[in-house]
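Subject: Structure handover

Hello,

Here is the structure I promised to pass on. Please open it alongside this email; my notes follow below.

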Amino acid sequence: MGRVRVLVVDDHRIFAEALAATLAAEADVEVGVAGSPAGAERALERAAAEGRPFDVILIDADLGPANTTALRRPRQPAEPEGQLGRPPAPTRPPGPQLAVPQPAGPPRPAPDGLPLLARACRSHPELRAVVLAREDDPRRAVRALQAGACGWVAKDSSLPRLMAVIRGVLRDETHLPPALLTGVVRELTAARRDRTESERLVESLTPREEEVLRCMVAGLGRQAVAERLYLSPHTVRTHMQNVLGKLGVHSTLAAVAVARRAGVSPSEPAAPPTPRTNPTVATGPGAG
């Protein structure tokens, strides 16, 4: 195995730079650092364009959406100096300030490095992704594996343990802490059980009801379903009610959730008919 190029992605700069320095002490390891999803994606693209792509990306499970910087207090204008021969104007003591309510901004998304992990694995199929986590979370670990992760490592792990994981994922191994493995298997088993039950419910639908369900998965409303399947809106409404009843749910969103667990694909619009061409009739001398 040649030199290993590793990209550390963590929005805690001290931790990221300390980890990078520790990894770089290994004779065969080169390390890059990024502090945000956007920075990580730029680093991946730049390295690939230069022909020196990263082999492994270490992503903080709680990576924020972007770097945040402390707000600086605006500078106050300097006090005017008193003019020569004239004392400065007396100043009034400040009175009580009324608190003006500020409009609440949109809620900030919860820190999560898994969306970046999924995008990186899609854009760079040869890249091996490892999650750095403060604590073991079987549900998030399953999400990470489904997004393309090859490993999950606690942030308080030793350097030999981390290097073993990095070298292991480069051999196409999957690394999970033993304490996390049982929870991951349990989550996968429960997901499979849910999928099996969802498949059983979908199998109870008639072919027409399944077509309507696929249109619902595609996000089509009643009128759009009617136009795609060449049915009346009243007939579509009846089919939708039957679908909800057979799936044991009370809303379109819940029906779509059951369908997705069962692996039902969205309906695709029918291809336009191929225009027919008239055969060319030969004319002129010699034409039969």
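A residue is called buried when its relative accessible area is under 20%, exposed when that area is over 50%, and partly exposed in between. By that cut-off R140 is buried, because its relative accessible area is 17%. R140 sits in helix α4. Its side chain comes to 2.6 Å from the backbone oxygen of A61. Please keep in mind that this is a predicted model.

**Overall layout**

The protein chain has 288 residues, and 33% of them are buried. Its secondary structure consists of ten helices and five strands. Take the contacts between residues at least 6 apart in sequence: 71% of these join residues at least 24 apart.

**The annotated site**

Which residue carries the UniProt feature "modified residue: 4-aspartylphosphate"? The record puts that feature at D60, and the entry is unreviewed. D60 belongs to strand β3, which covers residues 56-60.

Is D60 buried or exposed? D60 is buried, because its relative accessible area is 2%. Leaving out residues up to four places away in sequence, D60 touches V9, D10, D11, H12, G113, L132 and K155. Its side chain also reaches the backbone nitrogen of D62, at 3.1 Å.

**The cores**

In soluble globular proteins, nonpolar side chains tend to be buried together. Here, the largest nonpolar core has 29 residues. The residues with the most contacts inside this core are L7, V9, I57, L117, V131 and W152. At least two core residues come from each of β1 (4-9), α2, β3, α3 (114-123), β4 (128-133), α4 (138-147), β5 (149-154) and α6. Which element gives the largest share? That is α3, with five residues.

I57 is worth a look. Beyond its neighbours within four places in sequence, I57 contacts L7, V9, L44, L127, R128, A129 and V130. Another core lies apart from the largest one. This other core has 23 residues, including M216, V243, V256 and V258.

**Strands β4 and β5**

β4 and β5 pair in the parallel sense, over five bridges. L132 stands opposite V153 in β5. L132 is also one of the residues that D60 touches. β5 is mostly covered, with five of its six residues buried.

**Salt bridges**

Side chains of opposite charge can pair when their charged atoms come close. How many salt bridges does a search of the whole structure find? The search finds 16. Three of them are described here.

- E30 and R52 meet through their side chains at 2.9 Å, N to O. The pair links distant parts of the chain, 22 residues apart. E30 is in strand β2 (residues 29-34), while R52 is in the loop between α2 (37-49) and β3. E30 counts as partly exposed because its relative accessible area is 24%. R52 is partly exposed too, at 39%.
- E197 and R200 meet through their side chains at 2.5 Å, N to O. They are three residues apart in helix α6 (residues 178-203), so about one helical turn separates them. E197 is partly exposed at 37% relative accessibility. R200 is partly exposed at 49%.
- E211 pairs with R208, and their closest N and O atoms are 2.8 Å apart. Both are in helix α7 (residues 207-217), three residues apart, so they are separated by about one helical turn. E211 is partly exposed, with a relative accessible area of 33%. R208 is partly exposed at 33% relative accessibility.

There is also a network. Salt bridges that share partners join R3, R5, E30 and R52.

**Where to look first**

Start with D60 in strand β3. Then find R140 in helix α4, whose place is given above. After that, turn to the 29 residues of the largest nonpolar core. Finish with the network of R3, R5, E30 and R52.

Best wishes

Conventions
Residues numbered from 1 in each chain as written. Predicted model: local features only at pLDDT ≥ 70, side-chain atom pairs only at ≥ 80, totals over all residues. Heavy atoms only, no water. UniProt positions renumbered as here; feature names shortened; annotations may be inferred. Helix = DSSP H or I, 4+ residues; strand = E, 2+ residues; numbered from the N terminus. Buried < 20%, exposed > 50% of the residue type's maximum accessible area, 1.4 Å probe, protein only. Contact = heavy atoms within 4.5 Å. Polar contact = N/O pair within 3.5 Å; in protein donor to acceptor, adjacent residues only side chain to side chain. Salt bridge = Lys/Arg side-chain N within 4 Å of Asp/Glu carboxyl O. Core = buried A, V, L, I, M, F, W, Y, C linked by side-chain atoms within 4.5 Å. Pairing = 2+ DSSP bridges.
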